[in-house]
Amino acid sequence: MAHWGLNVVKQYERLVVFTFGNYGGLRGPGMRWLWPFINNGSLIADLREVPMPIPRQTNITRDNAPIDIDFFVYMRVLEERAEDTVLRVSNFTAAAQALSMTSLRAVIGEMDLDDVLSKREEINAKLQAKLDEVTVNWGVKVTRVEIKEVEPPRDVQDAMNRQLSAERTRRAAVTEAEGERDAAINRAEGDRQAAILKAEGSKQSQILEAEGERQATILRAEGYADALHRINQTANSLDSRTMSLQYLETMKDIGSSPSTKFIFPLEFTSMLQPLVRMASDRRPDDE
C-alpha cells in the first residue's frame, strides 16, 4: 500500500494509482508523489516471480487409489497487465492457491496410479496449462509447476518395494546369465580359434612336407637323368675295338671258370674282325 506524499517505487515494482477512487494508471520505478485526499487507495504491484507452496493433499486416481501430493507453483505479475492484478482479484496468491488444489484433483483424477508415479513432468505440464488459462485474466503468468513429493498409500509402497526387489533380483539373474553366456561364447570362440590354428599348422606342415618330398623327387630324378646322360655320352664315345677288347676280357673271365664247354654267339666272329684287321695292319711294322 502506498502512502500520501513521496513514495519510492523500486525497479521490480509498479505503482497503481487511484484518483478519487478511479483507476489513474501505473507509475514506474523512481520517486512518486501522491496527493493527500486525491490519490487514495494506491497499491504497489510486485513484478518478481513468486514461489507459492501448495500444501499436501490427498487425491484419488482414476483407479481409485488415494495418493498424497504437494507441489510448488511459480508465477509473476505481467507488467503490461499489472492493473488487472489489482482490479480483478483481491488476493491473487490465495486465489491461485485454491485454483491449484482443485486443478490438481482434476488432473490426478484422469490418471492411473502408475502414471501418477511415473509421469511427473506430464502432471506439471497439465497443471501449468490449467492454471495459466485462469490466472492470465488476473494479469498473472504461471511460469512453471514443480511436484515436490508424491506419497502413495502404505500398501502400495510395500507392493512397490517388493516389485523393486523382485526386479533387482531378476536383473541380477539376467546379468549373471548374460555373463555366463558371454563366457561360454568366449571359450567356444577360443576353442574355435585354437582348432583353426591347429588345422592351419597341420596344413602348413603337410604342405612343407609334400614340398620337400617333391623337391627330393625332382633332385633324384635330375640325378638319374644326369647319370643316364653321362652313361649315354660314354657309350657314344666307345668304338668297336674297345667293345671287342671288352668282350675278350669278359671271355677271359668266363674261361677261368671250371666249365669246359664254350658257346660263342654268332656275332662273335663279327666282333673279332676289327681285332684281326688291327693285327694284320700292325704285322708289317713288327717285321
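A residue counts as buried when its relative accessible area is under 20%, as exposed when that area is over 50%, and as partly exposed in between. The exercises below apply this and related criteria to a predicted model.

**Exercise 1.** Determine whether Asp84 is buried or exposed, and state which side chain it contacts.

*Solution.* 
Step 1. Asp84 belongs to helix 1, which covers residues 82–87.
Step 2. The relative accessibility of Asp84 is 10%, and therefore Asp84 counts as buried.
Step 3. The side chain of Asp84 is joined to that of Arg81 by a polar contact of 2.8 Å.

**Exercise 2.** Classify the aromatic pair formed by Phe72 and Tyr74, and describe the surroundings of its members.

*Solution.* 
Step 1. A pair of aromatic rings is described by the distance of the centres and the angle of the planes.
Step 2. The structure contains one aromatic pair. The ring centres of Phe72 and Tyr74 are 6.4 Å apart, and their planes stand at 35 degrees.
Step 3. Planes under 30 degrees apart count as stacked and those over 60 as edge-to-face, while the rest count as tilted. The pair of Phe72 and Tyr74 is therefore tilted.
Step 4. Phe72, at 26% relative accessibility, is partly exposed, whereas Tyr74, at 17%, is buried.
Step 5. The ring of Tyr74 also has the charged end of Arg144 over it, 3.9 Å from the ring centre.

**Exercise 3.** State how Arg171 and Glu167 are placed in helix 5, and classify the exposure of each.

*Solution.* 
Step 1. Helix 5 spans residues 154–237, and Arg171 and Glu167 are four residues apart in it, so about one helical turn separates them.
Step 2. Their side chains meet in a salt bridge of 3.1 Å, N to O.
Step 3. Arg171 is exposed at 53% relative accessibility, whereas Glu167 is partly exposed at 26%.

Definitions and conventions:
Residues numbered from 1 in each chain as written. Predicted model: local features only at pLDDT ≥ 70, side-chain atom pairs only at ≥ 80, totals over all residues. Heavy atoms only, no water. Phe/Tyr/Trp six-rings, centres within 6.5 Å; stacked < 30°, edge-to-face > 60°. Buried < 20%, exposed > 50% of the residue type's maximum accessible area, 1.4 Å probe, protein only. Lys NZ or Arg CZ within 6 Å of the ring centre and 35° of its normal. Helix = DSSP H or I, 4+ residues; strand = E, 2+ residues; numbered from the N terminus. Polar contact = N/O pair within 3.5 Å; in protein donor to acceptor, adjacent residues only side chain to side chain. Salt bridge = Lys/Arg side-chain N within 4 Å of Asp/Glu carboxyl O.
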